[in-house]
Amino acid sequence: MPISKLKWFCEGSVPGKRLGKVRHCFYIDKLVFKGRTPYQEILIFDNSVYGRTFVLDGIVQLSKIDEFIYHEIIVHPIMFSHPSPKKVLIVGGGDGGVLREVLKHPIDEVYLIDIDEKLIEICKKYLPFVSQNSFADKRAKINIGDGMAFVNKFEDFFDVVIIDSNDPIGPSSKLFSQKFYGDVFRALKKDGIMIAQIGSFLDFESMITGTYRKLKKIFPFVYPYKLTMPSYNCGDYCFMGASKGIDLARVDFRNIEKRFQKIQKKLKYYSPKIHQASMTLPKIWQIKG
Ligand code: SAM
């Protein structure tokens, strides 16, 4: 059925347990954009409940009502866990949401490497509420290319690396590999910290535990961060933090509180208490190393 007549978008292709067994649908109140870039299929539509919604290769990436949850939790817990992050790398993140949040901190420079230049242009045009002009910030160095090849050029350089990829399909799949995590380790300074978007706790064994074990072979400190994204319809979701020198479970929350006060007005979701709560997992999701 041609998309213009299609009044529903149904997501069913998320890798993991739900693939092919669960579909969740959004009514398309207004079709905003549909097209292919050299790397992925993009669909953007308005839904009266979730607002403007952004879909890549059939998988919901974000919607207006909840994108800030994802972008604040993938950025602020580790930016505040590092005593003074000055050089940051974002791998992926072509919608600009992570970039927007990183720039709220007093950093010197943030590099963004995304494989899809066309996607960045489309997101700037149809999802301006996500990047909020952050691509134009003088501290932002925007690069186009493969994240794995880009990270390989650096050693002992970044304080924080944020892997804001798609799910492990298409061009993103290599960003879930042990080799890539090893390259990130090398690109980080001795106190460096990374975080990666992983997936739903529904896929606990394959995705969460699997990624934990891969990272634990490389980093001394590895911890999951839990969040809930209403538009993902998958229950609690997991980002995985990994640190070379700082124990992420023993950071100084008095110092974090002081730094948080300085940017609190710009945040909608993160707080030091939410930070601690995101690291508190129920027994069923405690990872046995
Ligand atoms: N911020 C989104 C959200 O809120 O869910 C997360 C996904 S973001 C749209 C994923 C980005 O990763 C896309 O912009 C895609 O072009 C990029 N990407 C995928 N594979 C990549 C690779 N190998 N190197 C660099 N960027 C890649």
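Buried here means under 20% relative accessible area, exposed means over 50%, and partly exposed lies in between (1.4 Å probe, protein chains only). The model is predicted, with local features needing pLDDT of at least 70 and side-chain atom pairs counting only at pLDDT 80 or more, whereas totals for chains, interfaces and linings use all residues. Residues are numbered from 1 along each chain as its sequence is written, and side-chain values use heavy atoms, with hydrogens and water left out.

**Exercise 1. Work out which residues of helix α8 are buried and which are exposed on its other side.**

Begin with the element itself: α8 covers residues 253-263, where helices (H or I, at least four residues) and strands (E, at least two) are DSSP runs, numbered from the N terminus. The buried residues of α8 are I256, R259, F260 and I263. Viewed down the axis of α8, these buried residues fall within an arc of 110° (taken from the directions between the helix axis and the C-beta atoms), so they line one face of the helix. Turning to the other side of α8, one finds R254, K258 and K262 exposed.

**Exercise 2. Describe how helices α1 and α8 pack, and which residues make the contact.**

First take the geometry: α1 (residues 67-81) and α8 pack at an angle of about 130°, and their axes are 10 Å apart. The axes are lines fitted to C-alpha atoms, for helices over the stretch in contact, and angles run from 0 to 180 degrees between N-to-C directions. This angle makes α1 oblique to α8, given that under 35 degrees counts as roughly parallel, over 145 as roughly antiparallel, 65 to 115 as roughly perpendicular and the rest as oblique. Next come the residues, where α1 contributes H76, M79, F80 and S81 to the contact, while α8 contributes I256, R259, F260 and I263. Sorted by class, the contact of α1 with α8 holds five nonpolar, two polar and one charged residues.

**Exercise 3. Examine D183 together with the buried residues of its helix, α6.**

D183 lies in helix α6, which spans residues 178-187, and at 5% relative accessibility D183 counts as buried. Leaving aside neighbours within four places in sequence, D183 is in contact with M148, V151 and N152. Widening the view to the helix, the buried residues of α6 are F180, Y181, D183, V184 and A187. Seen down the axis of α6, these fall within an arc of 155°, so they line one face of the helix. The elements they pack against are β7 (87-92), α5 (147-151), β10 (158-164), β11 (188-200) and α7 (204-216).

**Exercise 4. Characterise R100 by its helix, its accessibility and the residues it touches.**

R100 is placed in helix α2 (residues 97-102), and with a relative accessible area of 7% R100 is buried. Not counting residues up to four places away in sequence, R100 touches E67, F68, H71, F129, V130, S131, Q132 and S134.

**Exercise 5. For D57 and N233, give the phi value, the loop and the accessibility.**

Take D57 to begin with: although D57 is not a glycine, it has a positive phi of about 45°. D57 is found in the loop between β5 and β6 (59-63), and a relative accessible area of 25% makes D57 partly exposed. Now turn to N233, which is likewise not a glycine and has a positive phi of about 55°. N233 lies in the loop between β12 (221-228) and β13 (236-243), and with a relative accessible area of 41% N233 is partly exposed.

Definitions and conventions: Contact = heavy atoms within 4.5 Å. Nonpolar A, V, L, I, M, F, W, Y, C, P; charged D, E, K, R; others polar.
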